[in-house]
Amino acid sequence: MTSSGPRLIVPGDPEYDRARRVWNLAVDRRPMVIARCADADDVVAALAMGTAAGMRIAVRGGGHS
Amino acid sequence: MVAEPTPYYMRSHLTGPLDAGLADTLAGHAADVTSSLSVSSPLSVSSPLSVSSPLSAVLLVPMGGAIARAPAGDTAVAHRDAAYCLEIGAAWPSPHDDPRPHREWADRIWQATRPWSVGNEVNHQIDDSSDGVLAAYGPEIQARLAEVKARWDPRNVFSLNLNVPPTA
């Protein structure tokens, strides 16, 4: 366990607009939080946080689909 | 479609073998491409069938091969006997453009080519209603996926997708 947890990107973060962009520029979604996960522990932490907060969760992979 | 990111809207049918009727239908909808090649001028739609943007494309992607060799029901992929994937890709230059004429162009071709459809390709499925999901997978695959879902995601945490809800 070396991970310090997922990097959380929220509106106002300088990386927010880049992080929320996907391949299809017709998609313009503004998630409450983007969790950038580096390993399985990060994914577990992000899902635990999101479900505890009652958030709706979507997986963002390469951003093509 | 082009290599640079653009806004786009994709629909598709899986089809049987290409025939003259499908070819004629597609040729009619691809008309007038050359009259609208300049993206800086207003794109004219001179007939209800003509393409709305020079970035749009219709692809006939051959299926078969290894896809068809895998036994039906062995995987979550349905419609393995399709001959082609007819991809109708509307793309337009800027996210600030009105997407409606382009989406409507794709929808018109999709509707006009429905008689040749043998199924929907799951990654291009627009209709995310339960009927649409069922059309993409078929009842047997859908039922197996629902069992897998019940085992691994019984609370349907991953629901923002072409969703297969878990079996109760």
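Start by selecting Leu86(B), then show what it touches: leaving out residues up to four places away in sequence, that gives Ser12(B), His13(B), Thr15(B), Leu60(B) and Thr113(B). Keep in mind that you're looking at a predicted model. Now pick out Thr15(B) from that group: Thr15(B) and Leu86(B) are 71 residues apart in sequence, yet 6.9 Å apart in space, C-alpha to C-alpha. Is Leu86(B) buried or exposed? It counts as buried because 25 other C-beta atoms lie within 10 Å, where 20 or more are needed.

Then turn to the largest nonpolar core, with 15 residues; Cys85(B), Ala90(B), Trp105(B) and Ala106(B) have the most contacts inside it. Colour strand E1 (8–15), E3 and helix H3 (100–112) of chain B, the elements that each give two or more residues to this core. E3(B) supplies the largest share, six residues.

Click on Cys85(B): beyond four places in sequence, it touches Ser12(B), Leu14(B), Val61(B), Met63(B) and Glu121(B). Then move on to a second, separate core of six residues, among them Val133(B), Tyr137(B), Ile141(B) and Val164(B).

Now bring in the partner chain. Here 12 residues of chain A are in contact with 11 residues of chain B. On the chain A side, seven are nonpolar, three polar and two charged. The predictor gives the complex an ipTM of 0.85 and a pTM of 0.81.

Last stop: select residues 32–46 of chain B, where pLDDT stays under 50. Chain B as a whole has a mean pLDDT of 85.

Definitions and conventions
Residues are numbered from 1 along each chain as its sequence is written. Chains are lettered from A and ligands numbered from 1 in the order in which they are written. This is a predicted model: local features need pLDDT of at least 70, side-chain atom pairs count only at pLDDT 80 or more; totals for chains, interfaces and linings use all residues. pLDDT is the predictor's confidence in each residue, from 0 to 100. Two residues are in contact if their C-beta atoms, placed from the backbone, lie within 7 Å. Ala, Val, Leu, Ile, Met, Phe, Trp, Tyr, Cys and Pro count as nonpolar, Asp, Glu, Lys and Arg as charged, and the others, Gly among them, as polar. A residue is buried if 20 or more other C-beta atoms lie within 10 Å of its own, exposed if 12 or fewer, and partly exposed in between; C-beta atoms are placed from the backbone. A nonpolar core is a set of buried Ala, Val, Leu, Ile, Met, Phe, Trp, Tyr and Cys residues joined through C-beta atoms within 7 Å. Helices (H or I, at least four residues) and strands (E, at least two) are DSSP runs, numbered from the N terminus.
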